[in-house]
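Hi,

Here is the structure I promised to pass on. Could you have a look at it alongside the notes below?

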Amino acid sequence: MILGLGTDIIEVNRIRNIESKNSRLSERILAPEEMEYYHKLNAEKRRLEYLSGRFAVKEAYSKALGTGIGSAASFKDIVCLNDAAGKPFIKDDRRVHVSISHAEEYAVATVIIEDE
């Protein structure tokens, strides 16, 4: 049974503008495990896609929980990693299905939470 569904879309340019003015956005959004991967990305475009996608996942996850960011969890409390095949998942929450997509101007994420 589906307990929650959340979707979020973000303009990559919005993230680019914020990150270029104050590179601390990534520090506010990404958990240490995510930040480690982020710093390994050499291409600026890929870094922006990654940061935008993670922002969208965290917003979508909080919507699926029905709480929003800040009420039950902060950005850094929600950790989205990739398995060996590249599939994204929420760390320590096996009930969750995650999908992230990128286009030239947007990143979108959908999160479904199922009953265990």
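In helix α1, Val-12, Ile-15, Arg-16 and Glu-19 meet Leu-48, Leu-51, Ser-52 and Phe-55 of α4, where contact means heavy atoms within 4.5 Å. By class, this contact of α1 with α4 has five nonpolar, one polar and two charged residues. Here Ala, Val, Leu, Ile, Met, Phe, Trp, Tyr, Cys and Pro count as nonpolar, Asp, Glu, Lys and Arg as charged, and the others, Gly among them, as polar.

Please keep in mind that this is a predicted model, in which local features need pLDDT of at least 70 and side-chain atom pairs count only at pLDDT 80 or more, while totals for chains, interfaces and linings use all residues. Residues are numbered from 1 along each chain as its sequence is written, and side-chain values use heavy atoms, with hydrogens and water left out. Helices (H or I, at least four residues) and strands (E, at least two) are DSSP runs, numbered from the N terminus.

The axes of α1 (residues 12-21) and α4 come within 9 Å and cross at roughly 110°; axes are lines fitted to C-alpha atoms, for helices over the stretch in contact, and angles run from 0 to 180 degrees between N-to-C directions. The two helices α1 and α4 are therefore roughly perpendicular to each other (angles under 35 degrees count as roughly parallel, over 145 as roughly antiparallel, 65 to 115 as roughly perpendicular and the rest as oblique).

Helix α4 (residues 44-65) also packs with α3 (residues 32-40), at an angle of about 160° and with the axes 9 Å apart. That makes α3 and α4 roughly antiparallel to each other. From α3, the contact takes Glu-34, Tyr-37, Tyr-38 and His-39, and from α4 it takes Arg-46, Arg-47, Tyr-50, Leu-51, Arg-54 and Lys-58. These residues divide into four nonpolar, one polar and five charged.

Further along α4 you will find Glu-59. Not counting residues up to four places away in sequence, Glu-59 touches Asp-8, Ile-69 and Phe-75. Glu-59 and Asp-93 are 34 residues apart in sequence and 16 Å apart in space, C-alpha to C-alpha.

Happy to hear what you think!

Best wishes
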